[in-house]
Amino acid sequence: MPNPMPTDLLPQDAAPPIFTEYPATAKQAAGLVDGQVTDVMTMYFTDKIMITITQNGRLAQWLQVPLGSSNPGRADHFLPSGSADESLLPMPHLTASTLLGGSAPDRETIGQLYAVQIASAIALKNPEEQRPVVIGLGLARLDTSRERFFDIIDIVTQCL
């Protein structure tokens with residue numbers, strides 16, 4: 001990218017400005033879930049991790065899951081045991097709260113399930129992670145099938 005500021009306008013002892021990319025790292029993935037294109041984007045900000053999951057370009061619900069332990073002395077109690085069966089379960093100390101949307105109880109419950117599962121995947125990948133996870137969810141239809149759930153989680157884990 002060319003430097004937009006002419007160097008002849010700078011003082012003789014000043015270095016030319018350095019232009020850097022936006023400081024948030026972003027990753028994207030897409031896949032088909034029940035014939036529906038599902039787009040996932042993860043942005044790692046310095047204070048939060050934001051993940052959006054969209055179908056048909058919509059976002060209907062926002063949730064947040066704090067990763068930091070409310071009782072630091074008990075944090076080691078929640079580390080994964082390493083069992084393959086247990087690694088599929090969300091961590092018991094994580095709690096999702098709905099920020100926007102989710103006015104229907106079924107939609108709120110499904111959203112919280114996705115949010116806690118995604119936050120667990122982040123905590124398993126990096127046990128030192130303390131930033132809250134903010135999740136934007138926009139599924140075309142409410143579906144509680146296990147296959148659909150794991151297909152969406154699989155796309156999300158590609159972005160972590």
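**Exercises on a predicted model**

Phe149 is buried, with a relative accessible area of 12%, where buried means under 20% relative accessible area, exposed over 50% and partly exposed in between (1.4 Å probe, protein chains only). This is a predicted model, in which local features need pLDDT of at least 70 and side-chain atom pairs count only at pLDDT 80 or more, while totals for chains, interfaces and linings use all residues. Residues are numbered from 1 along each chain as its sequence is written, and side-chain values use heavy atoms, with hydrogens and water left out.

**Exercise 1.** Determine which residues the ring pairs link into a cluster.

*Solution.* Begin with the count: the structure holds 2 aromatic pairs, and rings of Phe, Tyr and Trp (its six-membered ring) pair if their centres lie within 6.5 Å, with planes under 30 degrees apart counted as stacked, over 60 as edge-to-face and the rest as tilted. Tyr114 and Phe149 make a tilted pair, at 4.9 Å centre to centre and with 45° between the planes. Tyr114 lies in helix H2 and Phe149 in helix H3, so this pair ties together parts that are 35 residues apart in sequence; helices (H or I, at least four residues) and strands (E, at least two) are DSSP runs, numbered from the N terminus. Next, Phe149 and Phe150 form an edge-to-face pair, 5.3 Å centre to centre with 80° between the planes. As for accessibility, Tyr114 is buried, as is Phe149, whereas Phe150 is partly exposed, with a relative accessible area of 30%.

**Exercise 2.** Work out the order of the strands in the open sheet, and which strands stand at the edges.

*Solution.* The 6 strands of the open sheet follow the order E1-E2-E3-E6-E4-E5, with mixed pairing, and two strands pair if DSSP finds at least two bridges between them. Strand E1 (25-33) and strand E5 (97-100) each have a single partner strand, so they stand at the edges with one side left without a neighbour in the sheet. Within the sheet, strand E3 (residues 49-55) and strand E6 (residues 133-138) pair in the parallel sense over 6 bridges, and Ile49 has Val133 in E6 as its bridge partner.

**Exercise 3.** Describe where Thr42 sits and whether it is buried or exposed.

*Solution.* Thr42 belongs to strand E2 (residues 36-44), and at 0% relative accessibility it counts as buried. Leaving aside neighbours within four places in sequence, Thr42 is in contact (heavy atoms within 4.5 Å) with residues including Thr25, Ile49 and Cys159.
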